[in-house]
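Dear colleague,

Please find below the structure that I am handing over to you. My findings follow it, arranged by the parts of the chain that they concern.

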Amino acid sequence: MGNIEDIIQKAIDKWEVEIRRGVIVLIVLAALVEEDLHGIALINKISEKSGHVIKVPLGTVYPLLRRFNDEGMLETYAHRQDKRIIMYKLNTYGKKFFVKARELWLRYSSATNEFIDCIDEIFLG
């Protein structure tokens with residue numbers, strides 16, 4: 001058995017994977033609300049806009065885009081300069097879904113903050 005710091009870090013690493021799943025869905029939608037993007041541009045935008053904190057691998061973004069497309073949230077079209085590049089655009093349904101998902105995120109994050117913000121008082125008292 002490792003020391004307590006190693007055990008905590010292992011648990012945090014697992015928890016981060018769980019948090020990232022929902023966050024990535026919302027962030028991909030948010031990025032596509034702002035502009036149409038192809039997969040690599042989407043990954044780069046998320047990394048840059050998050051200060052390189054959130055990195056979405058290709059193996060995550062393309063299945064997610066495929067899911068959004070299958071669920072009727074996206075339109076796709078060929079890039080103007082390179083027809084092999086697929087561009088992704090949120091359609092009306094996708095934009096409305098994003099608005100509702102954002103509202104849900106804000107509600108949950110606000111409620112969560114009510115709990116975790118009080119920790120400063122407890123630990124820093």
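In what follows, a residue is called buried when its relative accessible area is under 20%, exposed when that area is over 50%, and partly exposed in between. Please note that this is a predicted model.

With that definition, helix α2, which covers residues 39-49, has the buried residues Gly39, Leu42, Ile43, Lys45, Ile46 and Ser47. Against which elements do the buried residues of α2 pack? They pack against α1, against α3 (58-70) and against β2.

One residue of this set may be taken individually. Lys45 belongs to helix α2, and because its relative accessible area is 15%, under the 20% limit, Lys45 is classed as buried. Apart from neighbours within four places in sequence, Lys45 is in contact with Ala31, Glu34, Glu35 and Leu37.

The packing of α1 with other helices comes next. Two packed helices are described by the angle between their axes and the distance between the axes.

I begin with α1 and α2. Their axes are 10 Å apart, and the packing angle is about 105 degrees. Since angles of 65 to 115 degrees count as roughly perpendicular, α1 and α2 are roughly perpendicular to each other. On the α1 side the contact involves Ile27, Val28, Ala31, Leu32 and Glu34, which meet Leu42, Lys45, Ile46 and Lys49 in α2. By class, the residues of this contact are six nonpolar, no polar and three charged.

From α1, the contact is made by Ile24, Val25, Val28, Leu29 and Leu32; from α3, by Thr60, Val61, Leu64, Leu65, Arg67 and Phe68. The residues of the contact of α1 with α3 comprise nine nonpolar, one polar and one charged.

The crossing in which α1 passes α4 is left-handed. Val23, Leu26, Leu29, Ala30 and Val33 of α1 make the contact, together with Phe97, Phe98, Ala101, Arg102 and Trp105 of α4. Of the residues in this contact of α1 with α4, nine are nonpolar, none is polar and one is charged.

Leu26 is a residue of helix α1, and because its relative accessibility is 14%, Leu26 counts as buried. Which residues does Leu26 touch, leaving aside its neighbours within four places in sequence? They are Phe98, Ala101, Arg102 and Trp105. Leu26 and Arg102 lie 76 residues apart in sequence, with a C-alpha to C-alpha distance of 7.1 Å. Val99 is in helix α4 and is partly exposed, with a relative accessible area of 43%. Between Val99 and Ala30 there are 9.2 Å from C-alpha to C-alpha, and the two are 69 residues apart in sequence.

Just after α2, Gly51 has a positive phi of about 70 degrees. His52 is placed in the loop between α2 and α3. Its phi is near 65 degrees, a positive value in a residue other than glycine. Is His52 buried or partly exposed? With a relative accessible area of 47%, His52 is partly exposed.

Asn91 lies in the loop between β2 (86-90) and α4. Because its relative accessibility is 14%, Asn91 counts as buried. Not counting residues up to four places away in sequence, Asn91 touches Gly72, Met73, Leu74 and Glu75. In the case of Gly72, the backbone oxygen lies 2.8 Å from a polar atom of the Asn91 side chain.

With kind regards

Terms used. Residues are numbered from 1 along each chain as its sequence is written. This is a predicted model: local features need pLDDT of at least 70, side-chain atom pairs count only at pLDDT 80 or more; totals for chains, interfaces and linings use all residues. Side-chain values use heavy atoms; hydrogens and water are left out. A crossing is left-handed if the near helix is turned anticlockwise from the far one by less than a right angle, and right-handed if clockwise. Helices (H or I, at least four residues) and strands (E, at least two) are DSSP runs, numbered from the N terminus. Contact means heavy atoms within 4.5 Å. Ala, Val, Leu, Ile, Met, Phe, Trp, Tyr, Cys and Pro count as nonpolar, Asp, Glu, Lys and Arg as charged, and the others, Gly among them, as polar. Buried means under 20% relative accessible area, exposed over 50%, partly exposed in between (1.4 Å probe, protein chains only). A polar contact is a pair of N or O atoms within 3.5 Å; within protein, one must be able to donate a hydrogen and the other to accept it, and residues adjacent in sequence count only if both atoms are side-chain atoms. Axes are lines fitted to C-alpha atoms, for helices over the stretch in contact, and angles run from 0 to 180 degrees between N-to-C directions. Angles under 35 degrees count as roughly parallel, over 145 as roughly antiparallel, 65 to 115 as roughly perpendicular and the rest as oblique.
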